[in-house]
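Dear colleague,

I am handing over the structure we spoke about, and my notes on it follow below. Please read them with the structure open beside you.

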Amino acid sequence: ASASEEGTENTDAIAMASRLTQFFALLARLPGKHGAPMLSLALESVCESGLWRRGVLLPHNSDGQTRWLRNFSWPELFSFVHERLPVEMRFRLWKCSLQICVNNPTLAPLAEIPFALASAAAEAPPGAPELLQEALDLGADPEALAPLRGRLPQLPEKAGAKKQKPPVVGMSLASADPKLLLRPAAGIAAEQEKRGELAALGIDIDVWAPADLETPKMVPQHHRMRFAQFCRKPRGQGNARKAGGQENLDNAAPAPK
């Protein structure tokens, strides 16, 4: 990419991050009891429509160097909403986030969705361990979710139960019996249905965030370092960076430095 093209991409990324900041900050200031539910619904819509893909880190080569860019920071957005919801409402955020990990086990880590969940593990809602296990059974990437699993209470193993693992990441078990999450094929179909509903209203999500976004063949170096750092920490210290409120969302960078 040329310097001018990269500059345009950076400008677009900053503009999108700014618009999201303003929108979610406005929802948080709604009077009465409407703020929290609207924040939750807004983040769920970002998940269900596929707009979360604008938060995927993608490599851009310039002058022989690779930079990882995105249009907004999912961890910052998730943190902003999560800390403003009562405990009983946080489960919905975890559910839609883990559904992305099931539907897109290779792209979800590049959007840092598992990292966002691991960072909020100390304030996870009741039922989070069961939801995580269901996601893993349905094909979510176990390596990407290992830091989260290490910071949630471990589920007791049923006597005589045999552990089963999906043969390939992204493929569900034939014997899986999902209760809350959809199987990958059903989850992808649900997103397409949501996109169709929005298209009927004149909102073309495919222009903003194509569903066929290609997974990069490389992984950001800072992801490997972060994974190693999480693995070294004792359980119970997963919330390494507690959300700092509006400052975190305002400082969301279009790309890590």
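A search of the whole structure, which is a predicted model, finds zero disulfides. The pair to look at here is Cys96 and Cys47: the cysteine sulfur closest to that of Cys96 belongs to Cys47 and lies 3.4 Å away, which is too far for a bond, because a disulfide calls for two cysteine sulfur atoms within 2.5 Å. Cys96 itself is buried, with a relative accessibility of 9%. Cys101 takes part in no disulfide either, and for this residue the nearest cysteine sulfur, again that of Cys47, is 9.5 Å away. Cys101 also counts as buried, at a relative accessible area of 2%.

Salt bridges, on the other hand, do occur, and the count comes to seven. As background, side chains of opposite charge can pair when their charged atoms come close.

One of these salt bridges joins Lys194 to Glu48, with 3.9 Å between the closest N and O atoms, a distance that falls inside the limit because a salt bridge is counted within 4 Å. This pair links distant parts of the chain, since Lys194 sits in helix α8 and Glu48 in helix α2 (residues 35-49), 146 residues apart. Helix α8 itself covers residues 184-200. Both partners are partly exposed, Lys194 with a relative accessible area of 28% and Glu48 with a relative accessibility of 35%.

Leaving aside residues up to four places away in sequence, Lys194 touches Glu48 and Ser49. In the case of Ser49, which is 145 residues from Lys194 along the chain, the two C-alpha atoms are separated by 5.8 Å.

Helix α8 also holds a second pair of interest, namely Glu191 and Arg195, which lie four residues apart, or about one turn of the helix. Their side chains meet in a salt bridge with an N to O distance of 3.0 Å. Are these two residues buried or exposed? Both Glu191 and Arg195 are buried, whereas Lys194 is partly exposed.

Most residues other than glycine have a negative phi. Which value does Glu112 have for phi? Although Glu112 is not a glycine, its phi is positive, at about 60 degrees. Glu112 is placed in the loop between α4 (87-103) and α5 (113-119), and this loop residue counts as buried, with a relative accessibility of 3%.

Technical notes: Residues are numbered from 1 along each chain as its sequence is written. This is a predicted model: local features need pLDDT of at least 70, side-chain atom pairs count only at pLDDT 80 or more; totals for chains, interfaces and linings use all residues. Side-chain values use heavy atoms; hydrogens and water are left out. Helices (H or I, at least four residues) and strands (E, at least two) are DSSP runs, numbered from the N terminus. Buried means under 20% relative accessible area, exposed over 50%, partly exposed in between (1.4 Å probe, protein chains only). Contact means heavy atoms within 4.5 Å.
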